[in-house]
Amino acid sequence: MPATLMPGDTRAMDVLRSAIAKEMGRTSIDLGPSDPTLNPVVSVLPIPPGPLDDKSLAMPTVFRIEVDGQSCSLVRESTGVRVVLDGVRCQA
């Protein structure tokens, strides 16, 4: 079931960012403009092109926040991989 993070829970945002970075195998990530406390869809912006890349086809990576009973998870849309966000409370 689609869910959002609880407003004001900064630890949840840290856990979310850490889970995304681990799933993507990157140390730094830039989240798109949506607010995960209002919208269950989280987009991760692609790595900016280098000076020699004049035509980048890179697209954002999209994740969904879902709640299943008591556990809050992050699902990568392109692969369906589910990552449980330990200790994070979500609201449907």
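Contact here means heavy atoms within 4.5 Å. On that basis, residues 24 or more positions apart account for 44% of this protein's contacts with a separation of 6 or more. The model is predicted. The protein has 1 helix and 6 strands. From the N terminus on, the elements run β-α-β-β-β-β-β.

**Overall build**
- The C-alpha trace spans about 45 × 25 × 20 Å along its principal axes.
- The protein has 92 residues, and 35% of them are buried.

**The sheet**
- An open sheet is formed by 4 strands, in the order E2-E3-E4-E5, and the pairing is antiparallel.
- From one strand to the next, the twist averages 30°.
- Strands of a sheet pair through backbone hydrogen bonds, in a parallel or antiparallel way.

**Strand partners**
- E2 (residues 41–44) runs antiparallel to E3, and 4 bridges join the two.
- Across that pairing, Val 42 stands opposite Phe 63 in E3.
- E3 (residues 61–68) also pairs with E4, again antiparallel, over 6 bridges.
- Phe 63 has a bridge partner in E4 too, namely Arg 76.
- Asp 68 has Ser 71 in E4 as its bridge partner.
- E3 and E4 form a hairpin with 2 residues between them.
- Gly 69 sits in the turn of this hairpin and has a positive phi of about 70°.

**Helix H1**
- H1 covers residues 10–24, which is 15 residues.
- The expected span is 1.5 Å times one less than the number of residues.
- For H1 that rule gives 21 Å, and the end C-alpha atoms are 21 Å apart, so the two values agree.
- Asp 9 caps the N-terminal end of H1. One of its side-chain oxygens lies 3.3 Å from the backbone nitrogen of Arg 11.
- Just after H1 comes Gly 25, with a positive phi of about 70°.

- Buried residues of H1 are Ala 12, Val 15, Leu 16, Ala 19, Ile 20, Ala 21 and Met 24.
- An α-helix has 3.6 residues a turn, so residues three or four places apart point the same way.
- The cover over the buried residues of H1 includes E1 (residues 4–5), E2, E3, E4 and E5 (residues 82–84).

**Ser 43, a residue in E2**
- Ser 43 lies in strand E2.
- Is Ser 43 buried or exposed? Buried means under 20% relative accessible area. Ser 43 has 16% relative accessibility, so Ser 43 counts as buried.
- Which residues does Ser 43 contact, leaving aside neighbours within four places in sequence? They are Asp 30, Leu 31, Gly 32, Pro 60, Thr 61 and Val 62.

**The disulfide**
- The protein's count comes to 1 disulfide.
- The disulfide joins Cys 72 to Cys 90, with an S to S distance of 1.6 Å.
- This pair links distant parts of the chain, 18 residues apart.
- Cys 72 belongs to E4 (residues 71–76), and Cys 90 belongs to E6 (residues 90–91).
- Both Cys 72 and Cys 90 are buried.

Methods: Residues are numbered from 1 along each chain as its sequence is written. This is a predicted model: local features need pLDDT of at least 70, side-chain atom pairs count only at pLDDT 80 or more; totals for chains, interfaces and linings use all residues. Side-chain values use heavy atoms; hydrogens and water are left out. A disulfide is a pair of cysteine sulfur atoms within 2.5 Å. Buried means under 20% relative accessible area, exposed over 50%, partly exposed in between (1.4 Å probe, protein chains only). A polar contact is a pair of N or O atoms within 3.5 Å; within protein, one must be able to donate a hydrogen and the other to accept it, and residues adjacent in sequence count only if both atoms are side-chain atoms. Two strands pair if DSSP finds at least two bridges between them. Axes are lines fitted to C-alpha atoms, for helices over the stretch in contact, and angles run from 0 to 180 degrees between N-to-C directions.
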